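Here are my notes for your first look through this model. Keep the structure open and check each point as you read.

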Amino acid sequence: MELDGRVVVVTGGTRGVGAGITRSFLAAGAQVVVCARRPPEEPVAAGGREASFAPLDLRDPAAVEEFFAEVADRHGRLDCLVNNAGGTPYRLLEEGGAERHARVVELNLLAPMTASIAAHPWLRRTRGSVVMIGSVSGTRPSPGTAAYGAAKAGLENLARSMAVEWAPEVRVNSLVLGMVRTELSHLHYGDETGIAAVGATVPLGRLAEPSDVGEAAVFLASDRAGYVSGASLLVHGGGERPAFLDAATVNKES
């Protein structure tokens, strides 16, 4: 398989998008280590193979360094880090105080930076890569998730800077995600009717599946992307139809 013998770490790889990424790497032949604060209810598996799990608080730099040293010691190498862990509740800026918003930035920007720096010495040895999991929230206004959008904008810029600083030994790229259907989609979009209605606003007519993200991540980690670094790959189904097209009173499709 394409990634036979490769060792991959997926942060937050126990559910949702992270689990989809993990399954895609397993299916491609990689050995996958997932880390999160809590273990999954059942191991993440694909094709008869399972990811190993390690508990980790990504906000603890010393614990993060120890984790990557243990992964490299146990497996003998590290080929790819996928910085997937992140997320945010819906919270307007005037709600909750600055400290809560700062924690969102810490999880979505500072934690990936901490993990990448800790993984860097091991990735250099294999001429490996980092894949950042970004969001279209970092490229447009994000009312209700402003701190998250700001963090994701920073993450994309961080990836580009890393790609320059760490070349040619380590490639660094970003996946910029649109809406993805996960077990938590109902919290954002409502029931099945709401999810279908939201999906219909996407040019490709549906929300992404976690496997769509996983396949894109495998590509960026593979030799097929050997000359791709500092790139941002949009995984958003064509994006959003401009609102003015529907508001206009001319040039309507018959």
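1. Start with the lining of the second largest pocket. Its residues divide into five nonpolar, five polar and seven charged. This is a predicted model, so treat every value here as computed from it. The pocket holds about 190 Å³ of space. In total, 17 residues line the pocket, and the closest to its centre are Arg 6, Arg 127, Arg 171, Ala 221 and Asp 223.

2. Look again at Arg 127. Its phi is near 50 degrees, a positive value in a residue other than glycine. Arg 127 sits in the loop between helix 3 and strand 7 (129-135). Is Arg 127 buried or exposed? Exposed means over 50% relative accessible area. Arg 127 has 54%, so it counts as exposed.

3. Now check the length of helix 2, residues 61-75. How far apart are its end C-alpha atoms? At 1.5 Å a residue, the 15 residues should span 21 Å. The end C-alpha atoms are 21 Å apart, which agrees.

4. Next, see which way helix 2 faces. Val 64, Phe 67, Phe 68, Val 71 and Ala 72 are buried. Viewed down the helix axis, the buried residues fall within an arc of 125 degrees, so they line one face of helix 2. On the other side, Ala 62, Glu 65, Asp 73 and Arg 74 are exposed.

5. What covers the buried residues of helix 2? The cover includes strand 1 (7-11), strand 2 (31-36), strand 5 (52-55) and strand 6 (80-83). Helix 3 (98-126) is also included. Just after helix 2 comes Gly 76, with a positive phi of about 85 degrees.

6. Find the cis peptide bond. It runs from Ala 167 to Pro 168, with omega near 0 degrees. Pro 168 lies in the loop between helix 4 (146-165) and strand 8 (171-177).

7. The largest cavity has a volume of about 40 Å³. Among the residues that line it are Thr 88, Pro 89, Arg 91, His 101 and Tyr 148.

8. Which helix gives the most to the lining of the largest cavity? Helix 4 does, with three residues. Helix 3 and helix 4 each supply at least two. By type, the lining of the largest cavity divides into five nonpolar, four polar and one charged.

Methods:
Residues are numbered from 1 along each chain as its sequence is written. This is a predicted model: local features need pLDDT of at least 70, side-chain atom pairs count only at pLDDT 80 or more; totals for chains, interfaces and linings use all residues. Side-chain values use heavy atoms; hydrogens and water are left out. On a 1 Å grid over the protein atoms alone, a cavity is a set of points where a 1.4 Å probe fits but cannot get out, and a pocket is an open set with protein on both sides within 12 Å along at least five of seven lines; lining residues have an atom within 4 Å of a point. Grid points are joined across faces, edges and corners, and a volume is the space filled by probe spheres set on the points. Ala, Val, Leu, Ile, Met, Phe, Trp, Tyr, Cys and Pro count as nonpolar, Asp, Glu, Lys and Arg as charged, and the others, Gly among them, as polar. Helices (H or I, at least four residues) and strands (E, at least two) are DSSP runs, numbered from the N terminus. The expected span of a helix is 1.5 Å times one less than its number of residues. Buried means under 20% relative accessible area, exposed over 50%, partly exposed in between (1.4 Å probe, protein chains only). The arc is that of the directions from the helix axis to the C-beta atoms. Contact means heavy atoms within 4.5 Å.
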